[in-house]
Structure formats: structure tokens, C-alpha cells
Amino acid sequence: QVRLVESGGGLVQPGGSLSLSCAASGSIFSVVDMGWYRQAPGKQRELVATIGSGGSTNYADSVKGRFTISRDYAKSTLHLQMNSLKPEDTAVYYCNAHQVAGTQLFSYWGQGTQVTVSS
């Protein structure tokens with residue numbers, strides 16, 4: 001199993017920056033990809049960014065050029081650097097990880113961290 005714990009959320013002004021971290025523990029060797037998702041009140045959870053085991057990244061169109069996802073394998077930590085933040089970025093951000101066991105894929109989620117962008 002994989003345990004995920006997010007940190008770094010908080011209140012920031014529009015145009016500001018914030019960095020999120022996700023500490024992973026457990027059977028990390030079997031994790032194939034990780035990502036960040038977010039959910040605002042009244043909206044469905046949406047993908048923000050993902051990073052594969054080979055280092056490839058994908059971003060939602062709404063955050064391209066502003067957010068950067070990275071993975072520290074030595075520390076088993078996932079990061080999300082958020083720049084030029086907008087009020088629309090306000091949401092609970094969740095860390096996600098996929099674990100492979102044979103032909104089965106398991107998905108793990110953290111408890112989330114609140115990001116609020118407001119002046």
C-alpha cells in the first residue's frame with residue numbers, strides 16, 4: 001500500500017506563488033505515476049498535472065506555463081510549484097499515486113490541502 005500526505009497549502013494573493021508537497025510512504029517501488037488533482041466546491045475533481053515514472057509530464061490547459069510538477073525519488077516526494085496564481089485556482093489539492101500489482105492498478109489519495117487565492 002501507499003500512503004500520501006500533502007502539505008504546503010495556504011492563502012496567497014493573486015499573482016503570487018505557492019509550493020505543494022506530497023510525501024509518499026509504503027510500497028513506493030511499485031508506483032508508476034503520480035499526479036495532482038483539485039476540487040473546488042460545487043465542481044468535480046479535475047486533473048492538474050501528472051508525472052510518469054519516466055519523467056514525462058502532462059498539465060491541464062488551465063495551468064500550463066504556470067505550474068510545474070516534479071518528483072524527488074530520493075525523498076519519495078511529489079511537488080507542485082504554482083506561480084502566477086489566480087482566484088480560479090482556489091481548491092482543495094489532492095495528491096494521487098498509481099500502484100501496479102500484476103494486471104491490477106491501485107489508486108491512492110491523500111487527504112488534500114486547501115489552496116486559497118484571494119486579495
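**Exercise 1.** How many helices and how many strands does the chain have?

*Solution.* The model is predicted: local features need pLDDT of at least 70, side-chain atom pairs count only at pLDDT 80 or more, and totals for chains, interfaces and linings use all residues. Residues are numbered from 1 along each chain as its sequence is written, and side-chain values use heavy atoms, with hydrogens and water left out. Helices (H or I, at least four residues) and strands (E, at least two) are DSSP runs, numbered from the N terminus. The chain has zero helices and 11 strands. Its radius of gyration, taken over C-alpha atoms, is 14 Å, close to the 14 Å given by the globule rule for 119 residues, so the chain is as compact as a globular protein of that length. The globule rule is 2.2 Å times the number of residues to the power 0.38.

**Exercise 2.** Locate the disulfide and state its handedness.

*Solution.* A disulfide is a pair of cysteine sulfur atoms within 2.5 Å. By this rule there is one disulfide. Cys22 and Cys95 form the pair, with an S to S distance of 2.1 Å. Cys22 belongs to strand S3 (residues 18-26) and Cys95 to strand S9 (residues 91-101), so the bond ties together parts that are 73 residues apart in sequence. The torsion about the S-S bond of Cys22 and Cys95 is about -80 degrees, so the disulfide is left-handed. Both Cys22 and Cys95 are buried, where buried means under 20% relative accessible area, exposed over 50%, and partly exposed in between (1.4 Å probe, protein chains only).

**Exercise 3.** What share of the residues is buried, and what share of the contacts joins residues at least 24 apart?

*Solution.* Of the 119 residues, 40% count as buried. Contact means heavy atoms within 4.5 Å. Among contacts between residues at least 6 apart in sequence, 54% join residues at least 24 apart.
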